[in-house]
Amino acid sequence: MLIAADKFKGSLTAVQVAERVTAGLRRVVPGVDVEALPVADGGDGTVAAAVAAGFERHEREVAGPLGQEVTAAFALRGDTAVVEMAEASGLQRLPRGVFAPLTASTYGSGELLRAALDAGARTIVFGVGGSATTDGGAGMLSALGARFLDEEGEPVPPGGGGLAELARVDLSGLDPRLSAVALVLASDVDNPLTGPKGAPAVYGPQKGASPDDVAALDEALNHFAKVLEAEAGPRAVEYATAPGAGAAGGIGYGALLLGARFRPGIEVMLDVLGFAPALERASLVITGEGSLDEQTLHGKAPAGVAAAARAAGKEVVAVCGRLALPPAALGRAGIRRAYPLTEVEPDMVKCIADAGPILERVAEQIARDFLS
């Protein structure tokens, strides 16, 4: 039995999901052999999943999205690091109820990447998602040695809004160690940098951007790419339309400029976490996340786990807080059956508040259905 589930956002971490499911299974079948491999798709929770899989947690003081000092972590095993941009630049780093769509910066994410280099990383999995920022990765690049200057030769203000004042880019000071590192951009979205499907239009409103802010950010990021062309050549404009450029407020674009290779986040994480050998040992796979819905089918962790398990001929069931997919869609994704918390407790507020005990009861039902 392999439990490879993501977090229930706002209720349980991926580690806690595995613990609760294990407890429920063993209440019905005490001797059942359970292996837990918490997973993530590159967004928040990615470092925690890596640490649960045996990576070492490293903490650093870095700049949060508003410039305040925060304690952020990355994970390291051997010369492979897992860096999660949300640790430094995520929405959870903003004060409750505060948004800064024009001024939030990814500078701290660049500091985390530099810390991974300092720790000896030769391969860096850069998980991006859950960002508070829409700066195209300019802050991250600044922390790594790039300079973004206005007409007076002064640094432009932080955030995507400040890029409207950009006149010149100097990449000569970029950390030379970057050229010797394999950088993997791990994300569950493939949006371009700008346009109707770009970072400002699609994700800006989630970060507090008004329609006027979205328009200003889209124009500023377009300008950013055009000014970069003078320094980095045509690839600067080409990367703006590449899949993943718009990930996490455009930090994907900055990563591509550094030579990153874009891969779906869950695929990367399954490789890094050692999913394949764990899958070989499993007779049944339990995956899941807080909400199984249409988004799940487009690169989220449960879909990636189910696809890999189906390819290996293993049966998959899913746990979730809320189920918004019909059985046919679950079947096409490789999930035989889903077990939502709402089957046990219809009140969604109670499901969120008491997710752990309710999940244990759900796991008891899985045990009765598949293990008894």
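**Salt bridges and exposure**

Glutamate 35 and arginine 281 form a salt bridge, with their closest N and O atoms 2.7 Å apart. The pair joins distant parts of the chain, as glutamate 35 sits in strand S2 (residues 35–36) and arginine 281 in helix H11 (residues 275–281), 246 residues apart. Helices (H or I, at least four residues) and strands (E, at least two) are DSSP runs, numbered from the N terminus. A salt bridge here means a side-chain nitrogen of Lys or Arg within 4 Å of a carboxyl oxygen of Asp or Glu.

Please keep in mind that this is a predicted model, where local features need pLDDT of at least 70, side-chain atom pairs count only at pLDDT 80 or more, and totals for chains, interfaces and linings use all residues. Residues are numbered from 1 along each chain as its sequence is written, and side-chain values use heavy atoms, leaving out hydrogens and water.

How exposed are the partners? Arginine 281 is exposed, at 54% relative accessible area, while glutamate 35 is partly exposed at 26%. The cut-offs are under 20% for buried and over 50% for exposed, with partly exposed in between (1.4 Å probe, protein chains only). In another salt bridge, arginine 93 meets glutamate 87 at 4.0 Å, N to O; glutamate 87 is buried at 14%, and arginine 93 is partly exposed at 22%.

Aspartate 271 and arginine 263 pair at 2.9 Å, N to O, and aspartate 271 is exposed at 53%. A network of salt bridges links Arg20, Arg27, Glu360, Glu364 and Arg368. The structure holds 18 salt bridges.
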